[in-house]
Amino acid sequence: MARQKPKQVLASIILKVPRKVNSILRDSIKARLLAASFASCGSGFRIGVGCEISGNDNVIVGNNVNLGSHACILATKAKLILGDDVFFGPHVTVVTGDHRIDILDRPMASICDDEKLPENDQEVVFAGDNWVGSNAVILKGVTIGRGAVVASGAVVNKDVQDYSIVGGVPAKVIGSRLQQKDSCGQRYE
């Protein structure tokens with residue numbers, strides 16, 4: 001197992017700070033420490049309680065990104081790119097990698113990261129202005145297009161087009177933000 005860098009150790013400690021500590025102070029400190037452990041991070045980064053993040057060196061965060069409580073980010077070998085204005089509801093999971101399941105003469109748990117194939121790990125990209133509903137799962141190799149929305153509970157295993165609304169298992173297009181009405185009832189596209 002790889003040795004953690006000091007910033008990652010501090011970030012993992014902050015994630016476990018008890019709720020008794022002033023939550024605003026705790027969340028601010030936690031967000032700053034995590035931001036420092038990422039490959040890069042813009043301004044306005046916020047994170048909810050109980051988040052689990054691995055592969056911090058592969059996480060690139062834009063401006064005004066908010067990870068909801070109990071988000072699970074697993075970016076151990078491939079990058080996770082969060083553009084500007086990306087918001088997660090609670091319990092969102094993003095996974096940039098997979099396991100090898102094609103080696104039959106050994107238990108799957110015995111196959112280490114060094115034995116992975118290039119296609120086992122692929123970056124995940126959120127283009128920006130995205131909302132991801134609670135309990136959604138985003139899998140390796142997916143790009144969530146600009147302005148796209150992922151419905152609660154969706155499992156996304158394919159790219160999502162700009163301004164699309166996707167939902168279901170596996171996720172399918174269920175609407176478009178381009179066909180919405182403004183506050184006066186006028187359609188806009």
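This is a predicted model: local features need pLDDT of at least 70, side-chain atom pairs count only at pLDDT 80 or more; totals for chains, interfaces and linings use all residues.
**Ground rules.** I number residues from 1 along each chain as its sequence is written, and side-chain values use heavy atoms, with hydrogens and water left out. Local features need pLDDT of at least 70 and side-chain atom pairs count only at pLDDT 80 or more, while totals for chains, interfaces and linings use all residues.

**Overall.** I looked up the secondary structure first. The protein chain has two helices and 17 strands. These are DSSP runs numbered from the N terminus (helices H or I, at least four residues; strands E, at least two). I then took the surface by the Shrake-Rupley method with a 1.4 Å probe; for residues, only the protein chains shown count as cover. The chain's accessible surface is about 10,700 Å², and carbon and sulfur atoms hold 55% of that. Of the 189 residues, 37% are buried. Buried means under 20% relative accessible area, exposed over 50%, partly exposed in between (1.4 Å probe, protein chains only). I also checked contacts (heavy atoms within 4.5 Å). Among those between residues at least 6 apart in sequence, 21% join residues at least 24 apart.

**Cysteines.** I searched the whole structure for disulfides (cysteine sulfur atoms within 2.5 Å) and found zero. C41 is partly exposed at 27% relative accessible area. C112 is partly exposed too, at 38%.

**Aromatic pairs.** I paired rings of Phe, Tyr and Trp (its six-membered ring) with centres within 6.5 Å; planes under 30 degrees apart are stacked, over 60 edge-to-face, the rest tilted. The count is two pairs. F38 and F45 are edge-to-face, with centres 5.5 Å apart and 80° between the planes. F38 is buried at 7%, and F45 is buried at 9%. F88 and F126 have centres 5.4 Å apart and planes at 55°, so this pair is tilted. It links distant parts of the chain: F88 sits in strand β8 (86-88) and F126 in strand β10 (124-126), 38 residues apart. Both F88 and F126 are buried.

**Nonpolar core.** I define a core as buried Ala, Val, Leu, Ile, Met, Phe, Trp, Tyr and Cys residues joined through side-chain atoms within 4.5 Å. Which residues of the largest core touch the most other members? Of its 34 residues, they are F45, L67, F88 and F126. α2 (23-37), β4 (59-61), β7 (80-82), β8 and β10 each supply at least two core residues. α2 gives the most, with three.

**F88 in detail.** I left aside neighbours within four places in sequence. F88 then contacts N66, L67, G68, I73, L82, V94, F126, W131 and V132.
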